[in-house]
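Subject: Structure handover

Hi,

Here is the structure for you to look over. My notes follow below it.

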Amino acid sequence: MCAGCFIHLLADARLKEEQATCPNCRCEISKSLCCRNLAVEKAVSELPSECGFCMRQFPRSLLERHQKEECQDRVTQCKYKRIGCPWQGPYHELTVHEAECTHPTKTGNELMEILDEMDQTHKKEMQLYNSIFSLLSFEKIGYTVAVSVDQKSWAVLSRQ
């Protein structure tokens, strides 16, 4: 199984205070009992995968780089996003948009208004976040949170 599924399986068993078992054969598994099958890993890395943006096929090992750096259809944002430009679209349209973007030509007062609106939106989001965090802090409430460790691994944290 992939590293992400393996870590998820171990974390899930730990939360349930059980021994992790293989979903296929039901034998016990753990980090110490696990070993890598390099031949299978290599074979899997060469299997074709489809880019979620341009739908072209790539070997699995090259897909992540293609999607982050090379794909002309990947979703990107305007470099003036920090001063309020809401545009996002395919990478191949970025140059045209940025050449026509009106945000760099706005006056200081216009930019201050945009930044004030962005600050207000951020303030409302933080209030909502703090309200949810406060509600989840009650002792009688149990919840599970998935936290991204990296692109390939997920850890599951729980508090009850």
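How much accessible surface does the chain have, and what percentage of it belongs to carbon and sulfur atoms? The surface comes to about 12,700 Å². Carbon and sulfur atoms account for 54% of that. Keep in mind that this is a predicted model.

Fold first. There are five helices and six strands in the chain. Read from the N terminus, the order is α-α-β-β-α-β-β-α-α-β-β.

Next, burial and contacts. The chain has 160 residues, and 19% of them are buried. Take the contacts between residues at least 6 apart in sequence: 17% of these join residues at least 24 apart.

Now the core. The largest nonpolar core holds six residues. They are Phe 6, Leu 10, Ala 13, Ala 20, Cys 22 and Ile 29. In soluble globular proteins, nonpolar side chains tend to be buried together. Ala 20 is worth a look in the viewer. Leaving aside residues up to four places away in sequence, Ala 20 touches Leu 9, Leu 10, Ala 13, Cys 27, Glu 28 and Ile 29. Among these, Leu 10, Ala 13 and Ile 29 belong to the core as well.

Last, one histidine. His 97 sits in helix α4, which spans residues 94–100. Is His 97 buried or exposed? Its relative accessible area is 15%. The cut-off for buried is under 20%, so His 97 counts as buried. Its contacts, again without residues up to four places away in sequence, are Cys 78, Cys 85 and Trp 87.

Best regards

Key: Residues are numbered from 1 along each chain as its sequence is written. This is a predicted model: local features need pLDDT of at least 70, side-chain atom pairs count only at pLDDT 80 or more; totals for chains, interfaces and linings use all residues. Side-chain values use heavy atoms; hydrogens and water are left out. Helices (H or I, at least four residues) and strands (E, at least two) are DSSP runs, numbered from the N terminus. Buried means under 20% relative accessible area, exposed over 50%, partly exposed in between (1.4 Å probe, protein chains only). Contact means heavy atoms within 4.5 Å. Accessible areas come from the Shrake-Rupley method with a 1.4 Å probe; for residues, only the protein chains shown count as cover. A nonpolar core is a set of buried Ala, Val, Leu, Ile, Met, Phe, Trp, Tyr and Cys residues joined through side-chain atoms within 4.5 Å.
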